[in-house]
Amino acid sequence: MDSKQSSSNVKVYIYDISMGMARAMSQGILGRQIDGIWHTGIVVYGQEYFFGGTSGIEACPPGGTVLGKPLQVVELGNTEIPFDVFMDYLQELSKSTYKPETYHLFHHNCNNFSSDLAQFLTGKDIPSHITSLPQDVLSTPFGAMIQPFVEAMHVQGGHSPFNS
């Protein structure tokens, strides 16, 4: 990647880690309909960036996680943030806000990371139904009961975007 590159299209890739089970079973189990258990990544400068509990901030080719092809792609616009400034920002986030040990599926997850990154790059946020989902689920009796199981889920398949 040319470190001087200063413009790139920004997209949010949206995956359903329940593979359709949330849509099929949520009404009966939770008492409310949810369409998926969302994982998101931000695609910019030819890579997909996401946050997980195993390695913290990771990168892979777009659609390169174990989840395969995204369920939905949302265009957020273009960024004029230079690539080297973007990488400095990611490096700082990886040392402070988005370290592996700070991951929490319901309160500090890939979607919070995607939201922060989208706003930094474009001033726009990812769809609100994604960021509000954890609270929607936890507000149900069953949601509180399944919290330990769901927190054990991780998305893998990337690598550190930083030179070691």
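Biologist: In this structure, is Lys11 buried, partly exposed or exposed?

Modeller: This is a predicted model, and a residue counts as buried under 20% relative accessible area and as exposed over 50%. Because Lys11 has a relative accessible area of 25%, Lys11 is partly exposed.

Biologist: With which residue does Lys11 form a salt bridge, and how many residues apart in sequence are the parts that this pair ties together?

Modeller: Lys11 forms a salt bridge with Glu75, and their closest N and O atoms are 3.8 Å apart. Since Lys11 belongs to strand E1 (residues 8-16) and Glu75 to strand E5 (residues 72-79), the pair ties together parts whose separation in sequence is 64 residues.

Biologist: How far apart are the end C-alpha atoms of helix H3?

Modeller: Helix H3 covers residues 110-122, which makes 13 residues, and at 1.5 Å a residue these should span 18 Å. The model agrees with that expectation, because the distance between the end C-alpha atoms of H3 is 18 Å.

Biologist: Is Ile130 buried or exposed?

Modeller: Ile130 sits in helix H4 (residues 128-131), and, leaving aside its neighbours within four places in sequence, Ile130 is in contact with Ile14, Trp38, Thr40 and Asn111. Because its relative accessibility is 1%, Ile130 counts as buried.

Notes
Residues are numbered from 1 along each chain as its sequence is written. This is a predicted model: local features need pLDDT of at least 70, side-chain atom pairs count only at pLDDT 80 or more; totals for chains, interfaces and linings use all residues. Side-chain values use heavy atoms; hydrogens and water are left out. Helices (H or I, at least four residues) and strands (E, at least two) are DSSP runs, numbered from the N terminus. Buried means under 20% relative accessible area, exposed over 50%, partly exposed in between (1.4 Å probe, protein chains only). Contact means heavy atoms within 4.5 Å. The expected span of a helix is 1.5 Å times one less than its number of residues. A salt bridge is a side-chain nitrogen of Lys or Arg within 4 Å of a carboxyl oxygen of Asp or Glu.
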